[in-house]
Amino acid sequence: MFKKVMNTMMAAAMVLAMTGCSGSGTPSGTSASAGTEEKIIPVSAFEYDTSNIKKPEITIENPTGVLKEILDNGVIIVATAPDNPPYEWVYEDGTTLTGSELYLAKYIADILGVELQIEQMDFNAVLTSVDTGKTQLAMAGFGWKKDRDENFQLSVGYHSSTSGASCHSLLVPADKVGDYKTFSDFAGKTVAAQASSLQQMYVEDQLIPEGANMELVAGFDQGVLNLTSGKVDALATSCSVALQYADQSNGQLAKSDVEFDLSMYGAYEGTVVAAKKGEEDLINVINQILEFVNENAIYDIMYKQALDEAGMIDVD
Amino acid sequence: MGPGIIEVFIQYWPLFLNGLIGTLKYAFIAVLFGSMLGIIVAIINMSKNKIISTIGSIYVNVLRGTPLLVQMYIAYFFIPMAFPALSFLSKEQCVILSLILNSSAYVSEIFRSGINAVDKGQTEAARSLGMSASHTMQKIILPQAVKNILPALANEYIAMIKETSLAGTFMLYELMYTRTLLANKFLVWQPLFIIAGIYLVVTMVLSALVRAMEKRLSVSD
């Protein structure tokens, strides 16, 4: 198997290197990836200006625990795994962090009137870091899960109703895209998802009952490698990421028409913020902010800006 | 899929260069300070006092017997918790600290075996000439031990260059971290081959240098 994968990759590498083929297969010019020369000036989340965005009135009485610590120190420390554009990613300099979730983190910090500090780490380390008190909030595309709710204090979900931020689908080989019309078409197929991501929850709740198998991967890039080397049949991901990879794959990959149904998650639809278990004061304040964000479709603005900045394709 | 390895390298070579500089820097710091600490650990280990030498050997066994990645997680998350006085350490410093501690365990064994490899007759001859124990060590044993130690220390540096790849888990800017940077540009497989190639070239060049050094050092044999 390994040999086969190696051969496929080497052959692909040789062909691509020799023919100098770097353009994308589909006619979309917005790609900020290899091949295009356009330089986008990085906007770090720290500089994200929230002064024009509506803010809720938050009343904090007798803060305790981490919330008190944040207000006393005047700084909120957020842990993230910057490998998931447009939600959170890092520029080539290795220090400029940005993305829609980090814009939201800046928005939260501005409402609390504190400085934002972001710690970047591996996805697996993010939750450990809030649990050990190293950081105070975890924002890395987490979904609501029962066992996660038992071990961490989770906020309500934030999402975007009009833009593609709440569209989650599957990346599949382009020649198989017609085979998948409904969830039941994934019966007996192996679907990869990033461990402890939103998509893991969607696959568990919506595809496994239909008879699909799930393969968990540590990083999203490993999922793409699994898919291109034929180890899995599909990779669960957000729609815009699926479109981006499809666009760059020279016609090998495509976004499936099957999209996950998110309405079943109620107040926990979308991405949640995690804090250490027991930090109810902090999460209550965060929930007030997030409910305001959801009511006023504020995350839509942030998502669209991040998508533009990442040079990615929007779903609609 | 996507652009080829060579194109990715041509477009993003400064990233890989920065990553390589980071890798060499972290490995150098780890081995340099690891060597200083390693000398102390080796002396503790060779102590005639059983209690002291046991402490030394526990230190070495724990650090050599557990994976470096686990040590990094512990250094990053739990050292500041266990020793609040150390909570000023940044993430980078915590990861470098675990590299140094890990390196010191290996280096102490290099020193110990290097010193033990010098024939016992040398000590006996020096002592019977009336030299003191410390004088014997300084003038007779250590100059000969260096010949055993230097190539092994250089090899430890080469090994450490590969070990530092784990620092990428904590988003330190080293060679393996370029994979994260490029995955954010939806390039997932090309960086792996480029990174592997760079590691291979660097370790092969350094290994050749070590072999040349060994040759020079063996002239006096």
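Predicted model: local features only at pLDDT ≥ 70, side-chain atom pairs only at ≥ 80, totals over all residues.
**Helix pair in chain B**
- Helix H2 (residues 50-65) of chain B packs against helix H5 (residues 91-116) of chain B at an angle of about 120°, and their axes are 9 Å apart.
- H2(B) and H5(B) are therefore oblique to each other, and H2(B) passes H5(B) in a left-handed crossing.
- On the H2(B) side the contact is made by Tyr59(B), Val60(B), Leu63(B) and Arg64(B), while H5(B) brings Leu101(B), Asn102(B), Ala105(B), Tyr106(B), Ser108(B) and Glu109(B).
- The residues of this contact of H2(B) with H5(B) divide into 6 nonpolar, 2 polar and 2 charged.

**Contact of chain A with chain B**
- Chain A gives 34 residues to the contact and chain B gives 27 residues.
- Several elements of chain A give two or more residues to the side that touches chain B, among them strand E5 (115-120) and helix H8 (239-248), and the largest share, 5 residues, comes from H1(A).
- By class, this side of chain A has 14 nonpolar, 14 polar and 6 charged residues.

**Domains of chain A**
- The domain assignment gives domain 1 (45-50 + 65-159 + 266-310) and domain 2 (167-261) of chain A, whose C-alpha centres lie 26 Å apart.
- Their contact takes 10 residues from domain 1 of chain A and 7 residues from domain 2 of chain A.
- The side of domain 1 of chain A that touches domain 2 of chain A has 3 nonpolar, 5 polar and 2 charged residues.

Note on methods:
Residues numbered from 1 in each chain as written. Chains lettered and ligands numbered in written order. Axes fitted to C-alpha atoms, helices over the stretch in contact; angles between N-to-C directions. Helix = DSSP H or I, 4+ residues; strand = E, 2+ residues; numbered from the N terminus. Parallel < 35°, antiparallel > 145°, perpendicular 65-115°, else oblique. Left-handed = near helix turned anticlockwise from the far one by under 90°. Contact = placed C-beta atoms within 7 Å. Nonpolar A, V, L, I, M, F, W, Y, C, P; charged D, E, K, R; others polar. Domains from an automatic or database assignment.
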